[in-house]
Structures are given as C-alpha cells and as structure tokens.
Amino acid sequence: MITVVSGILVGALFGFSLQRGRFCMNSAFRDIIVGRDFNLVKAVGVALLVETLGFSIMAMTGVIKMAPPALMWGAEGVGGLLFGMGMVLAGGCASGITYRAGEGLVGAFSAIVGFSLFALTTSAGVLSPVANFLKTNTKISAADGSPLTLGNIFGINANVVGLVLSVVIIAVWVVLALRKRTEEEPGEKPKSIWEAIFKKGWSWPAAGIAVGLVGVLAFPLSAATGRNYPLGITAGWNNIWQTLFVPGTVMNWGGALIIGIVLGSLVGAAIAGELALRAPAPKVLVQAFIGGSLMGFGATVAGGCNVGHVLSGVPQLSIGSMFDTFMIIAGCWIMAYFLFIRPMNAAR
Amino acid sequence: MSDQTPTKTIDECGKICPYPDVDTMTTLKKMKKGEILEVLIDYPLSVERIPRNAKRNGHKILKVERVEGPTHRILIEVLGLK
C-alpha cells in the first residue's frame, strides 16, 4: 500500500513537471537539428546536473546506494538506436508519450499500446532471446565485476567525480548565463505566481530543476520499497498490464509511478485548460504505433528507455547509460533527417 | 494594428510532435514578405515553440491567442529572409 502511494505521489510530481515544463527528450534531441531550438535540451542538461549533484551527495551520506546500469554495448547500441528512431515516429520519448496521454493526446495512446506490446514480448515473450543474447554477450564490467562508471574507469570514487563534475559545470553555466542576459522569452509575463506555475508553460531552467528534483526524490523513496533505482518508465508500464491481465501480479513502485505521471499531467493540463481528447489522422496513429513498438523493443533490449538510462543512469555516471544516450540521439537524428529535414529542404 | 486578415490558414489540431512546427516552417518558407499566416493548434509544446522559432527566423508574431481549451490561434507576419 505504501509502495503504491509513494509511487503515485512521486509520479504525480513527475507528470505535473513534465506537462508544465513540456519536458520531452525526443523534442530536446530532435530540435537541435530540426528548427535549431535548444530550449528543451538545456532543460535536460539542467535536470541531469541537479540529479548528478543530488545523487552523489545522497550516496556520500549513505542515503542511497548507487545502482548504475552496466555497459552492454551490443544491447545499448542496438536498443538505443532503435529507441531513438522510434521516438521520432511516435512523437515523444517514453516519458513524453506517458505524460501526453494524460493531456488527452490520442496519438500518445497509440504509441503506448505499441510500446507496451513490444516491451512485454521482448522482456518475457517471444522476443526475449534477442534481448538476452545481446545483454549477456556484450557486457563489459570493471575489474571487480561492478558496472563501469566515470569513476571506476579512472580508478576514482564515482561519488566524488559526480559531485565535482556537477558543481563545476553548474558554476561555469551560471557564470556564462549571467554574462549574457539578453535572451527575452517571447509572450507576456505571468501576472502572479499561481499563473506562472499553473497556467503558463515553464521556462527551461524551471523545468530542468523540477524534473531533476523529482529524480532526486525518487531514488530514496523507491529504494525504501525495495526497488533500488530512481525513475523509470518501461518496467512500470509492463507492471501495469501484468497487474491488469496476469493474475497474482501486484502493482509495484514503478507501475504506481506511471499512474502518477498520467494523473499529474492530467491535473496540470486540466488547471491550465489544456486538457482535451484530440486525435491525429489514422495514418499518424499507425505511425505512432510503429514508433512506440520500436521504442518498446529498443528500451527493453537496452535495459532502459530515455528515463531509465538518460535521466536515471547518466547521473549515476554509468558508462552504459552514456553510450545508450549517444545511440538514442544518433537514432533520433537519423530518423528526423529522413522524416523532417529532407522534406523541409525539398520544399524550399 | 494594421490589417490582420490571414493570407493563409493551416489547421494543425490533433497533430503529433513536431508536425505543427514543421508544417509552419515549411509554409512560412513558401509565403511572401508581408503575408500573414494563421496557425490553428492544440499541442501545448508547439504553441510556445512555434512563436519562438518564427521570431528567431526573423518573422513577426502578431498574435497568440487561446480559442478554446488547448486550441490556440497564432498569427505570424512573414518577414524572415528567404
């Protein structure tokens, strides 16, 4: 019971932050080359810095025990690439399609169905031998058998590396930002704090800090229920379907987190007047389904989606998660080139 | 304010990310200086991103107004360099 309540509460904060901050890694990575908009990738950067700082402090003080994902180059290479390509087709990353389902976007529902179908068959069904083969045969660990991190590949304490790295990057970023404060956001300024939080979309620093803090909060709360890991999406969706259709399955923290994300986003969208059922053309629903399927397969093969690896593994300085992130971006850019950039250039 | 009758209207309601942005950018490219593009849209991320990008590309945002629920109407005057 406490597991479910804790998961839903953290999920609700996560979903609310994602919805208000328009936080989506598909947009973040894709916008770098499509439209050259850097707002969301900066939000992702801020979130990762907040988490790296928070995780390393919590690990040093014994609040959490780090659980960085292992480097499995074949699994993360193939899985990350397919996930990155899939999210462009689906119109959102794993957390993106989850929070947009809460906003009432039918395209996101379609992507989630494909995502779940392939995540389930790859983790436990007919496709699981593929995932297992790649995971077991391409694993590289540190000399003591532990997962490779930015700490142990240099033989230094990962927590110290995380702390120093995040503090230095934050300091440099803040100094640079203070030097050139010319960027004015278009649109009117919010008239009150209420309006800034609940009515207007958040700025990228606010979105990044909020998502990062949710990640920091998630780690110890999840660990307290026996799941020693911060945020994640893929296993949570699997758990939801299994709870519904497989007798004897109990909802875990990850499943409750998903329910919380959808609820938090729904509430955020409702207050802002952004909640409504809206559907794209049938062709796009099929495209979103295919994209979701690639994401479900990719995330399961890689052992995590953009949340499990990018948002949760990278701040633990996992080399595997960093490699997965690299491959997700590569897949995203390849697909975005063919789907958007080439047609846009042709229209000139 | 001068005449704000749109030269062209595109309906991007219901579309998934980032089709509203891509359609807007492509349409703006094909339009002439001084013409006005009206974008109808209900995807919150793009309601904020389209004006931001159009402005950066040198166009003028005449209006971003809520029609109903998540649906917004964006008016862009084409000014950007071809």
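User: To start with chain B, how many strands form the open sheet, and in what order?
Analyst: In this predicted model, the open sheet of chain B is formed by four strands in the order 1-2-4-3, with mixed pairing.

User: Which strands are at the edges?
Analyst: Strand 1 (8-11) and strand 3 of chain B are the edge strands, each pairing on one side only.

User: And how far are neighbouring strands turned against each other?
Analyst: On average by 15°, with direction ignored.

User: What joins strand 1 to strand 2 in chain B?
Analyst: Strand 1 of chain B is joined to strand 2 (residues 36-41) of chain B by four bridges, and these two strands run parallel. As one bridge pair, Ile10(B) has Val39(B) in strand 2 of chain B as its partner.

User: Which strands does helix 2 of chain B touch when it packs on the sheet?
Analyst: Helix 2 of chain B touches strand 2, strand 3 and strand 4 (71-77) of chain B. The direction of the helix makes about 170° with that of strand 3 of chain B.

User: Changing topic to the two chains: how many residues are in contact?
Analyst: On chain B there are 25 residues in contact with 26 residues of chain A.

User: Which elements of chain B give two or more residues to that side?
Analyst: These are helix 1 (19-30), helix 2 (44-56) and strand 3 (60-68) of chain B. Helix 2 of chain B gives the most, with eight residues.

User: What is the make-up of that side by class?
Analyst: The side of chain B that touches chain A holds twelve nonpolar, nine charged and four polar residues.

User: Now chain A. How do helix 4 and helix 7 cross?
Analyst: The axes of helix 4 (residues 73-90) and helix 7 (residues 128-137) of chain A come within 6 Å and cross at roughly 135°. The two helices of chain A are therefore oblique to each other.

User: Which residues meet there?
Analyst: From helix 4 of chain A, Gly74(A), Ala75(A) and Val78(A) meet Ala131(A), Leu134(A), Lys135(A) and Asn137(A) of helix 7 of chain A. By class, the residues of this helix contact are four nonpolar, two polar and one charged.

User: And the largest nonpolar core: which residues touch the most other members?
Analyst: Of its 117 residues, they are Ala43(A), Phe83(A), Ala94(A), Phe115(A) and Met295(A).

User: What is Met295(A) in contact with, leaving aside neighbours within four places in sequence?
Analyst: Met295(A) is then in contact with Phe83(A), Gly86(A), Met87(A), Ala90(A), Ala94(A), Phe115(A) and Cys305(A).

How values were computed: Residues are numbered from 1 along each chain as its sequence is written. Chains are lettered from A and ligands numbered from 1 in the order in which they are written. This is a predicted model: local features need pLDDT of at least 70, side-chain atom pairs count only at pLDDT 80 or more; totals for chains, interfaces and linings use all residues. Two residues are in contact if their C-beta atoms, placed from the backbone, lie within 7 Å. Ala, Val, Leu, Ile, Met, Phe, Trp, Tyr, Cys and Pro count as nonpolar, Asp, Glu, Lys and Arg as charged, and the others, Gly among them, as polar. Axes are lines fitted to C-alpha atoms, for helices over the stretch in contact, and angles run from 0 to 180 degrees between N-to-C directions. Angles under 35 degrees count as roughly parallel, over 145 as roughly antiparallel, 65 to 115 as roughly perpendicular and the rest as oblique. Two strands pair if DSSP finds at least two bridges between them. A nonpolar core is a set of buried Ala, Val, Leu, Ile, Met, Phe, Trp, Tyr and Cys residues joined through C-beta atoms within 7 Å. A residue is buried if 20 or more other C-beta atoms lie within 10 Å of its own, exposed if 12 or fewer, and partly exposed in between; C-beta atoms are placed from the backbone.
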